[in-house]
Amino acid sequence: MLTPREVFCLESERLLLRDWKNSDWQAAFEYASDPEVSKYMNWGPNTERETKAFITSAIMSISEKPRLTYELAVVLKEEGKIIGGTGMRLKPEESKAMIGYVFNRSYWGKGLATEAAQRLVRFGFEELNLHRIFATCDAENLGSANVLQKCGMRREAHFVEDMMIKGRWRDTYLFAILQREWLARSGASTS
Ligand SMILES: CC(C)(COP(=O)(O)OP(=O)(O)OC[C@H]1O[C@@H](n2cnc3c(N)ncnc32)[C@H](O)[C@@H]1OP(=O)(O)O)[C@@H](O)C(=O)NCCC(=O)NCCS
């Protein structure tokens with residue numbers, strides 16, 4: 001069994017989204033050290049040390065009570081390999097959360113980020129009963145914008161040159177979806 005019972009784990013058709021373990025750092029380093037992967041991110045490419053620090057902080061957030069941060073390793077079930085990471089940060093006072101994701105370049109273009117993001121959004125709305133889930137992406141990051149649209153999110157804002165990333169001012173898009181919109185889309189119910 002890949003995950004002991006106490007480890008948080010969400011499952012989708014091809015993926016497991018589960019808590020990070022210290023022994024996962026090499027799989028995370030494989031993509032976090034790739035300059036193409038971190039091109040639009042406010043971090044990276046990461047060193048081994050930075051990758052281990054990320055895993056340590058992800059593991060620390062597991063014991064938050066209540067838990068406000070879900071940083072999860074994305075495991076491709078077929079290969080038993082960690083192919084990326086995804087995360088959700090809750091703002092319980094506003095009943096909302098922000099999601100994000102990053103994948104190993106060898107696994108891009110197979111619908112896997114969409115599958116992971118949709119699973120996280122489902123968890124947020126159907127299990128945590130959140131009101132709103134949002135995400136931001138660099139306006140040039142077409143892949144990420146597509147993932148968010150495929151989650152049913154609406155583009156609500158275009159912030160002009162609001163982020164300085166890797167020496168260049170970047171525009172940012174903000175995408176969001178409400179719980180009622182998700183439920184109407186998926187045909188699910190909270191009751
Ligand atoms: C953005 C990222 C997560 C997309 O992952 P992915 O698994 O390739 O995404 P999907 O396969 O689910 O693609 C979703 C849609 O976007 C499209 N797409 C993916 N990458 C694209 C790109 N670079 N340009 C244009 N469209 C793209 C796909 O074709 C798909 O649309 P389709 O189903 O109509 O064909 C991945 O490229 C990545 O990890 N990038 C680096 C980290 C990053 O930018 N994270 C997001 C930070 S906001």
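A residue counts as near a molecule or strand if its C-beta atom, placed from the backbone, lies within 6 Å of it. The model is predicted: local features need pLDDT of at least 70, side-chain atom pairs count only at pLDDT 80 or more, and totals for chains, interfaces and linings use all residues. Numbering starts from 1 along each chain as its sequence is written.

Select the ligand. Of the 21 residues around it, Trp108, Ala113, Thr114, Gly143 and Asn146 come nearest. Two or more residues of this shell are given by each of β5 (96-103), α3 and α4 (142-150); helices (H or I, at least four residues) and strands (E, at least two) are DSSP runs, numbered from the N terminus.

Next, select α4, which contributes six residues, the largest share of the shell around the ligand. Which residues of α4 are buried, that is, have 20 or more other C-beta atoms within 10 Å of their own? They are Ser144, Val147 and Leu148. Viewed down the axis of α4, the buried residues fall within an arc of 95 degrees, so they line one face of the helix; the arc is that of the directions from the helix axis to the C-beta atoms. The cover over these buried residues includes α3, β6 (132-138) and β8 (168-178). Just after α4, select Gly152, which takes a positive phi of about 85 degrees.

Finally, move to Glu126 in helix α3 (residues 112-127). Glu126 counts as partly exposed because it has 16 C-beta neighbours inside 10 Å; the partly exposed class lies between buried and exposed, the latter meaning 12 or fewer.

Notes. Contact = placed C-beta atoms within 7 Å.
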